[in-house]
Amino acid sequence: MKHAPFLSDQLCDIQGMLNSGFGWLTNSRFLLLTIGEERQEQARKWLFEIAKSNLMISAKRVKDRKKNQEKPIREVVAIAFSFSGLAKLGLKETSNHPFPTPFRSGMGSALRESLLRDVPREWRWSDVEGFSSRQAVHVLVAQWWLADAEPRMPPPDPDAFSTITTVENRPESFRKDGKLYEPFGFRDGIAQPVIRGLRDEEGGNPNRVKQDAGTLYEDRVIDPGEFVLGYRNQYDELTYTPDLEHWAESGRATHPGGRFTLNGSYLAVRQIEQNVKAFEAFEKANGEVICAKLMGRSKDGLPLSWKGPPNARVSDSTADAFRYQVDDADGFMCPKGAHIRRMNPRDSLGVDVKSGVKSSKLHRLLRRGRPYLELSEDDDRREGLFFIACNADLERQFEFMHQRWMRNFRFVNLDHEDDPVVGSPKAPKMFTIPGLPSGGQISLETLTRSRGGGYFFLPGIKAFEFIVGYGGLSLES
Ligand code: HEM
């Protein structure tokens with residue numbers, strides 16, 4: 001492909017979760033499905049029902065939401081496939097344009113284990129086949145709906161799927177004043193990239209959002225090829241779009257809509273359990289200010305370099321308009337190893353501010369996860385974050401950030417410590433806080449552990465219709 005397609009012409013084909021986190025749809029659940037032995041036909045039938053239901057909405061529909069008030073979006077379903085899931089349903093890649101290695105091998109593979117500093121043997125599920133102790137997930141379904149609505153999505157057919165795992169969000173536990181909080185009690189979902197031509201800042205009038213961010217607005221504007229396959233990325237190159245040779249199913253033609261993966265994205269997914277009791281004990285012993293230093297924001301979402309009145313209620317755009325190099329180069333406000341400073345060092349890793357911002361823009365994620373809560377019969381709580389990050393290049397985005405920033409024991413000038421919130425189970429649990437009267441480093445317990453993880457391909461809507469054999473009809477009709 002020599003020329004990038006125009007994004008504006010393709011919005012009908014891009015799944016809506018790439019331009020919205022559906023904040024107004026307070027209820028959500030994630031389904032992890034394993035297609036049973038010789039049950040591909042039944043699985044496809046169920047997926048076909050979803051295709052017919054109009055629940056998979058496009059980025060265009062999301063973009064026009066405000067103009068289209070008479071047809072409000074009350075429920076959305078997004079569907080993605082692991083490589084083993086695509087292969088099981090019939091995918092045969094071309095030898096010229098195969099899927100990239102991280103996706104083919106899978107997040108739960110031995111190949112990714114040391115790179116991501118994980119212990120996937122302990123997980124309950126992954127994207128890799130061949131482990132009897134772990135569910136091999138073929139299909140990931142994300143469902144969001146309005147609190148007062150009965151969800152319409154037909155439940156997965158137990159005849160098609162040998163294992164169906166549901167990870168449920170309970171909004172009453174994780175929302176205050178309409179805003180999302182993760183289980184340790186911090187506001188989440190503030191810092192997100194603005195995708196040129198696709199996603200504006202959510203929930204605000206675009207002019208107001210720009211005004212609130214002031215001169216720092218451009219720091220968060222990212223080219224679409226960082227998140228959607230087939231478009232220009234931050235290198236001004238077209239993102240690689242793998243293709244298929246044919247679909248291994250009798251009577252099925254090759255995908256008619258050009259490259260099979262155009263308008264798709266990859267999802268890096270993790271079920272991360274949070275040890276809320278350990279966090280609360282830590283907070284009791286050390287106080288809320290130190291807890292905020294671990295995360296890099298105060299619990300209400302204000303940045304630690306905030307100079308306005310304490311507890312001010314500001315827009316997300318204002319709360320995300322800050323840099324590190326000028327105001328907080330040594331980390332006296334936000335420590336260099338804090339979760340958000342590792343995950344987006346903003347301007348701080350370049351020789352100057354401009355080069356720092358430029359290089360951080362090569363490693364951004366669009367976060368779409370939600371907290372979850374499992375209650376057992378005896379009311380034992382297991383809670384955490386069902387983390388989903390959309391990106392177009394798993395190696396340069398999710399994996400780079402995981403390996404070089406989040407779980408790097410020598411990130412910047414730190415030594416022997418990794419992310420205080422989502423560090424490796426194998427890492428020494430220390431955390432450096434410059435200016436601490438009791439000395440620089442404190443020790444921590446392991447606060448989170450992964451219970452499962454996988455890479456999934458989120459197809460464009462035409463490619464999804466093709467996979468499930470819904471050819472010809474438009475989902476938007
Ligand atoms: C249970 C696990 C996690 C918790 C509790 C958590 C919590 C948070 C919180 C409270 C924020 C600040 C709110 C915001 O800026 O939107 C944040 C930001 C962020 N997190 Fe996490 N997170 C977790 C796991 C992860 C993982 C696994 C990754 C990526 C590999 C990640 C990547 C990010 C990024 C990119 C940001 C935005 C940073 C910025 O732009 O300033 N998080 N997280």
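Figure 1. Helices (H or I, at least four residues) and strands (E, at least two) are DSSP runs, numbered from the N terminus. Residues are numbered from 1 along each chain as its sequence is written. Because the model is predicted, local features need pLDDT of at least 70 and side-chain atom pairs count only at pLDDT 80 or more, whereas totals for chains, interfaces and linings use all residues.

Figure 2. Tyr-324 is buried, with 24 other C-beta atoms within 10 Å. A residue is buried if 20 or more other C-beta atoms lie within 10 Å of its own, exposed if 12 or fewer, and partly exposed in between, with C-beta atoms placed from the backbone. Apart from residues up to four places away in sequence, Tyr-324 touches Ala-329, Cys-334, Arg-341, Pro-345, Arg-346, Asp-347 and Ser-348. Two residues are in contact if their C-beta atoms, placed from the backbone, lie within 7 Å. Tyr-324 and Ser-305 are 19 residues apart in sequence, and their C-alpha atoms are 8.6 Å apart in space.

**Figure 3. Arg-346 and Arg-117, each with a positive phi.** Arg-346, one of the residues that Tyr-324 touches, lies in the loop between H12 and helix H13 (353-360). The phi of Arg-346 is positive, about 50°, although this residue is not a glycine. Arg-346 counts as buried because it has 22 C-beta neighbours inside 10 Å. Arg-117, also not a glycine, has a positive phi of about 50°. Its place is the loop between helix H6 (110-113) and strand S4 (125-126). Arg-117 counts as partly exposed because it has 19 C-beta neighbours inside 10 Å.

**Figure 4. The packing of helix H9 against helix H10.** H9 (residues 276-286) and H10 (residues 288-295) pack at an angle of about 125°, and their axes are 7 Å apart. Axes are lines fitted to C-alpha atoms, for helices over the stretch in contact, and angles run from 0 to 180 degrees between N-to-C directions. The two helices H9 and H10 are therefore oblique to each other. Angles under 35 degrees count as roughly parallel, over 145 as roughly antiparallel, 65 to 115 as roughly perpendicular and the rest as oblique. From H9, Phe-282, Glu-283 and Asn-286 meet Glu-288, Ile-290 and Cys-291 of H10. By class, this contact has three nonpolar, one polar and two charged residues.

**Figure 5. Glu-399 in helix H14.** Glu-399 counts as buried, since 20 C-beta neighbours lie inside 10 Å. Leaving aside neighbours within four places in sequence, Glu-399 is in contact with Pro-102, Leu-115, Leu-116 and Leu-394. Pro-371 is 28 residues from Glu-399 in sequence and 22 Å away in space, C-alpha to C-alpha.

**Figure 6. Ala-136 in strand S5.** Ala-136 belongs to S5 (residues 135-136) and is buried, with 24 other C-beta atoms within 10 Å. Beyond its neighbours within four places in sequence, Ala-136 is in contact with Thr-34, Ser-84, Ser-126, Val-128 and Glu-129. Arg-124 is twelve residues from Ala-136 in sequence, at a C-alpha to C-alpha separation of 9.1 Å.

**Figure 7. Glu-218 in the loop between H8 and S11.** The loop that holds Glu-218 lies between helix H8 (206-213) and strand S11 (221-222). Glu-218 is exposed, with 11 other C-beta atoms within 10 Å. Ser-133 is 85 residues from Glu-218 along the chain, and their C-alpha atoms are separated by 47 Å.

Definitions and conventions: Ala, Val, Leu, Ile, Met, Phe, Trp, Tyr, Cys and Pro count as nonpolar, Asp, Glu, Lys and Arg as charged, and the others, Gly among them, as polar.
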